[in-house]
Amino acid sequence: MLGLGKRDFALLLVVFVLTMLAPFLLNPFPVNSAMAQFNAGYPDLMQRFVIFGIFAIGYNILFGLTGYLSFGHAAFLGVGSYAAVWMFKLFSMNVIPAIALAVATSGLFALLIGYISLRRSGIYFAILTLAFAQMSYALAYSVLTPITGGETGLQLALSDPRILDAAVAQGGNIPVPGLFGLKMNASTELAIGDWVFTFSVGYYFCAVAMLLAFYMAIRLFRSPFGMMLRAIKSNNTRMSYTGLYARPYALAAFVISGMYAGLAGGLMASMDPLAGAERMFWTASGEVVLMTILGGVGTLIGPVLGASAIKYMENIVSKINEEILHSWFAFLPDGLENVLVAVIYPFVGKGWHLTLGLVFMLVVIFLPGGLVEGGQRIGRLLRGKKAKSPTKSTQSNPAE
Amino acid sequence: MDAIILQILNGLDKGSAYALIALGLTLIFGTLGVVNFAHGALFMIGAFCAVTLSRVLNLGFETVDPNKTDFLGNPATVKTTYIEHWLGAELGGGILDWGVPLAILFAIPIMVLIGFAMERGLIKHFYHRPHADQILVTFGLAIVLQEIIKYFYGANPIQTPAPEVFRGSFDFGTLIGFDPGQIIYPYWRLVYFGFAAVIIGAVFAFLRFTTFGMVVRAGMADRETVGLLGINIDKRFTIMFGLAAAVAGVAGVMYVPINPPSYHMGMDFLVLSFVVVVVGGMGSLPGAVLAGFLLGILESFASMGAVIDLLPGINQIIIYLVAIIILLTRPRGLMGRKGVMED
């Protein structure tokens, strides 16, 4: 189906169903219950899940397939956001041209940086990409202020020309990005009993974009081109000995993954039309590395899982405070309750980075294949050891 | 001319910090072959050793002084630190004042222990894994370490002053025959530079002139052969890791008066230090030191008004620009050896 194998199609179908039903699945708790704060089904967060999912899928095409560790990928996301916001400012609030421009600009930018950086490999490549990203960040913050808005970021204004459609919406407000009349921030709510589910246009738009991106990633993974990229990872030297010049392939992977980052940046700007330099800072690049590794590098679904896990922690786990912990353990005797709260508290709330760091270390040490490998191991345990040989995982063997 | 000398001086203190961190990174990389992304965190922990010591020294009790009143007219409370109480105002006050330099003595054993624990507990298991895995696991460790520090010390920078004698600036220009008031330079930055020079000299002398250092250098050149000679090279390399951690730690301790430490200072320095190491050449100790000072001084030259007018924004990107140019023209860095980190 759709040019995919049976297993891949099943995976795509599962992802399709999960993303389409996400407003239900992520809202398992009634509105007024104590657990309601764990509901992740609000549009803003769901959009972040899929947008960062796209970012991580793209990063995985570079790092997972070719093994080139880029520490500057956020630069492409930032460039994509700036391009999209400029499209909103100058031409139209329609998101399609904005995203197209974002993808194209990031692709060009990636072509330039990749052409230079791919002359080196290993840690030198990591440092080169980091250097380019940090330069872009510093320039966006200072000299390029007329283009990037500097410290305040790039924002829409009433005085923008927007030559293709009305510069000012009804009521004198700045118009909202939309898709042929569908506003990105529009949403409907559905109340069933105590549950309230929110369906937003923005989320479904991003979700469709992610499904397309995911589908293209599967096709790429299974194509001869993907095979070539894997060969670069397993032994670049031998590739050269067979008379094959591998760098154009690596460059193509770099540009594709840069375009994915641009798509993510464009979507981010479409959901909330502003762009700032901090999106290009190296910690943002580090975050996408964390997402990809955490989920499972070189796997298809891993990066999306990793992105969702990190964004969930960032938005939900970080909200748990001491009072909430006390209310959870209220059934215990007082002394025990206080001890438990004191032990757990550093790991949640503002300390969620600590949990993230620990989980990340554990994953790198014990589960180099990330959450996906963890799931596969558990699955194998449950099925018993007989299913050991036929499991053909999507994991490509890491090699140096 | 005076502006040039001033910029060189300004570059020295930052360059010293880069050089010290890059030296430790290179020691670890040269001996153990591990790319340690947690090295910036060690620098940061060193800085917080100084903060901790100054907090401990400032512990005290409050007494009511009947002769003084506060602004409400109540009897004022006067805080006396234990150390002044026990050792007298003269000696105790002196110790309080010299808290930051004293923290070096406090930081060295702590940093060596942390270094041993890191190497034995974690990094040992990563010798045979790809460099990417080493980078990732130490990156995770760096996040954990900085979050622990954040939990205990909060997210805000903590001011910790230098000793009284070294506060303020002096007129460096008059020493070398300029008119007074042209080259003003803070004392502590000069102290920092001198201190860095001593540490760097000590590390080099240790490696060059002691038997231990000789064995370590031999191990860096050919680990297997040294092992075959019946020398426990792993143990020596672990000690070198401790030493590298201590170098980063004391670099952090002394940097406290220049830049109030906050939990993310390690990461800020780490990124630049990696650039420094790569520019100097992976695995080359003199290269790391040279590149550290070079980039520090270049950075301060790029922040001169005249240069910024000519090339706006150059002060922000100079280090990265130099790194890119050097990596593309001299792939092994300034003084890199053949066969190190080459696939």
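The entries below go from the whole chains down to single residues.

**Entry 1: the model.** I noted at the start that this is a predicted model.

**Entry 2: chain A overall.** I looked up the secondary structure of chain A and found 17 helices and six strands. Next I took its extent. The C-alpha trace of chain A spans about 70 × 65 × 45 Å along its principal axes. I then checked the radius of gyration. A compact globule of 400 residues would come near 21 Å, and chain A has 22 Å, which agrees. Of the 400 residues in chain A, 46% are buried. I also asked how far apart in sequence the contacting residues lie. Taking contacts in chain A between residues at least 6 apart, 73% join residues at least 24 apart.

**Entry 3: chain B overall.** I repeated the look-up for chain B. Its secondary structure comes to 14 helices and four strands. The radius of gyration is 22 Å, close to the 20 Å from the globule rule for 343 residues, so chain B is as compact as a globular protein of that length. Its C-alpha trace spans about 75 × 50 × 35 Å along the principal axes. Buried residues account for 47% of chain B. For contacts in chain B with a separation of 6 or more, 74% come from residues 24 or more positions apart.

**Entry 4: where the chains meet.** I counted 33 residues of chain B in contact with 36 residues of chain A. Which helices of chain B each supply at least two residues to the side that touches chain A? I found α5 (131-153), α11 (265-280) and α14 (314-329). The most comes from α5(B), with 14 residues. By class, this side of chain B has 26 nonpolar, four polar and three charged residues.

**Entry 5: the core.** I searched for the largest nonpolar core and got 228 residues. F55(A) and V275(B) have the most contacts inside it. The largest share of this core, 16 residues, comes from α6(A). I followed F55(A) further. Beyond its neighbours within four places in sequence, F55(A) is in contact with L77(A), Y260(A), A261(A), A264(A), V288(A) and A307(A).

Entry 6: I went back to α6(A), residues 122-141. Its 20 residues reach 29 Å from first C-alpha to last, close to the 28 Å expected at 1.5 Å a residue. Is α6(A) largely enclosed or largely open? I counted 20 of its 20 residues as buried, so α6(A) is largely enclosed by the rest of the structure. In chain B I picked α12, residues 285-302. Its 18 residues should span 26 Å, and its end C-alpha atoms are 26 Å apart, which agrees. Here 14 of the 18 residues are buried, so α12(B) is also largely enclosed by the rest of the structure.

Entry 7: I turned to strands β4 (187-192) and β5 (195-200) of chain A. They run antiparallel and are joined by six bridges. E189(A) stands opposite T198(A) in β5(A). The hairpin has two residues between its strands, and G193(A) takes a positive phi near 60°.

**Entry 8: one asparagine.** I ended on N60(A), which lies in helix α3 (residues 43-66) of chain A. Buried or exposed? N60(A) has 28 C-beta neighbours inside 10 Å, so it counts as buried. Not counting residues up to four places away in sequence, N60(A) touches T292(A), V297(A) and P303(A). I also checked V14(A), 46 residues from N60(A) along the chain; their C-alpha atoms are separated by 20 Å.

Methods
Residues numbered from 1 in each chain as written. Chains lettered and ligands numbered in written order. Predicted model: local features only at pLDDT ≥ 70, side-chain atom pairs only at ≥ 80, totals over all residues. Contact = placed C-beta atoms within 7 Å. Nonpolar A, V, L, I, M, F, W, Y, C, P; charged D, E, K, R; others polar. Rg over C-alpha atoms; globule rule 2.2 N^0.38 Å. Buried ≥ 20, exposed ≤ 12 C-beta atoms within 10 Å, placed from the backbone. Pairing = 2+ DSSP bridges. Expected span 1.5 Å × (residues − 1). Core = buried A, V, L, I, M, F, W, Y, C linked by C-beta atoms within 7 Å.
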